[in-house]
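Student: Could we look at this one together? I'd like to ask a few things as we go.

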Amino acid sequence: SSGIFAEDGKQWYQRRVRASSGQQPTCPYTDISLPAVQGLAAQGTPCRAKLFIVGTPSLPEEQVLNDVFCRFSSLIDIKLLPGTSYGYIRFGMPESAEAAVMVMNNGTIQGNVIKLSQQEEPGSENKRARPSF
């Protein structure tokens, strides 16, 4: 159930922030407290969670989004659709995606409001309703 994932994501995020140095790391692109920068997922890591991202009025550059979302660990990649204000973020661990949604949904990055929703990979057996924005 998505409630279990959300709680796992919350616990994971709290451990990440506590594991960081004594003070909470800051990110120059947002005023939201985020964990320290993590490395990208190892090449070949299978996608276990995919987020749909929308930015209003637009999305920041891909390198900015990489810096923000790699802090949730297991980031595989970010794909922005040219000429639009949306894209996809892929993670190797569901807990990473859940924590990113919990912390960053409706947050601001470089003055742009970010909305996130969990997406299912094709063929996934766990179908979740896509939230409306």
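Predicted model: local features only at pLDDT ≥ 70, side-chain atom pairs only at ≥ 80, totals over all residues.

Student: Is Ser74 buried or exposed?

Tutor: Ser74 sits in the loop between helix 2 (62–69) and strand 2 (75–80). Helices (H or I, at least four residues) and strands (E, at least two) are DSSP runs, numbered from the N terminus. Buried means under 20% relative accessible area, exposed over 50%, partly exposed in between (1.4 Å probe, protein chains only). Ser74 has a relative accessible area of 9%, so Ser74 is buried.

Student: With which side chain does the side chain of Ser74 make a polar contact?

Tutor: A polar contact is a pair of N or O atoms within 3.5 Å; within protein, one must be able to donate a hydrogen and the other to accept it, and residues adjacent in sequence count only if both atoms are side-chain atoms. The Ser74 side chain also reaches the backbone nitrogen of Met93 at 3.1 Å. The side-chain partner, at 2.9 Å, is Ser96.

Student: Which strands stand at the edges of the sheet?

Tutor: The 5 strands form an open antiparallel sheet, in the order 2-3-1-5-4. Two strands pair if DSSP finds at least two bridges between them. Each edge strand has a single partner strand, so one side is left without a neighbour in the sheet: these are strand 2 and strand 4 (107–109).

Key: Residues numbered from 1 in each chain as written. Heavy atoms only, no water.
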